[in-house]
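Here are some exercises on pockets and on one residue. Try each task yourself before reading its solution.

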Amino acid sequence: MSIFKDLIQSEEELEQLAGRPRELVNQKVIERIDHHCRNFISLSPMVFVATSNAEGACDCSPRGDAPGFVHIVDDHHLVLPERPGNRRYDTLRNLLANPRIGLIFIIPGLEETLRINGKAYIIRDRDLLERMTAQGKVPAAGIGVEVEECYMHCAKAFKRSGLWQPDSWPSSEVLPDPAEIIAEHAGRLRLSTEEVRASLKESYEQRLY
C-alpha cells in the first residue's frame, strides 16, 4: 500500500494544476539533428541516457568522454560508444527488451540542455565504431540512435540548483565517500572501505577505455 495521498491520476487534473504549455514549447521540437544540434553535441562531454525494460522499470545512466565523443552519422542517426563499465549492462539489457531511449546532453557552464528521443540499437559496426576510437582503443559496441525528437530544455533546473556556480558547491570535507557507501551497501562481501577504494582506483586508472 502506497504512503502517498491525494494523487493526480489524469491529464485533466495535471493541466488544472500546472496549466498548458505555451505554443513556443510545443513548436520547438524538431525531428532531425540540425546544425544547432550538431554544434551542441560537438561541445558536450556528457550525456544522460534513459531507458526502461519490457515491464517499464526505468534506468538512467551517464556517458561521458571528450567533447564530441558522440558520433553523428547524419541528420537522423547518432552513435554513443560503449566504453568499459561495471559489466552490469543495465542500459544495453533494457534496450534488448525495449528500444526506446531518451538522451540529455549537457555542456559545462551552459544551463540549457539538449534532449533527444528515439529508437536505439546495439551495434557492432566496425566502420562506425572506429570513428570513436579513444586512447587507441575501439569500443566493442555502440548505441545507435534513430532520432525522432530533438529540442532544447529550459535552464530552470540548473538555475535553481546553481550547478555551475562553484561558490554553491559543498566543500570537499562534507562530500560523501563513495568507497564507504559501496562497502556498506555490499556488506555481505565483507570488503573494507580501503579495499573498495583500491578497486575503484584500479578501475579508473586501468579500465577507462
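**Exercise 1.** Find how many residues line the largest pocket, and which lie nearest its centre.

*Solution.* Start with the rule: on a 1 Å grid over the protein atoms alone, a pocket is an open set of points where a 1.4 Å probe fits, with protein on both sides within 12 Å along at least five of seven lines, and lining residues have an atom within 4 Å of a point. By this rule, 40 residues line the largest pocket, and R83, P84, G85, N86 and R87 lie nearest its centre. Next, look at the elements: β2 (58-64), α4 (90-97), α7 (178-185) and α8 (193-206) each give two or more residues to this lining. Helices (H or I, at least four residues) and strands (E, at least two) are DSSP runs, numbered from the N terminus. The largest share, six residues, comes from β2.

The model is predicted: local features need pLDDT of at least 70, side-chain atom pairs count only at pLDDT 80 or more, and totals for chains, interfaces and linings use all residues. Residues are numbered from 1 along each chain as its sequence is written, and side-chain values use heavy atoms, without hydrogens and water.

**Exercise 2.** List the residues that line the second largest pocket.

*Solution.* The lining is made of R22, L24, V25, K28, H153, C154 and K156.

**Exercise 3.** Decide whether T113 is buried or exposed.

*Solution.* First place T113: this residue belongs to strand β6 (residues 113-123). Then take its relative accessible area, 3%. Buried means under 20%, exposed over 50%, partly exposed in between (1.4 Å probe, protein chains only), so T113 is buried.
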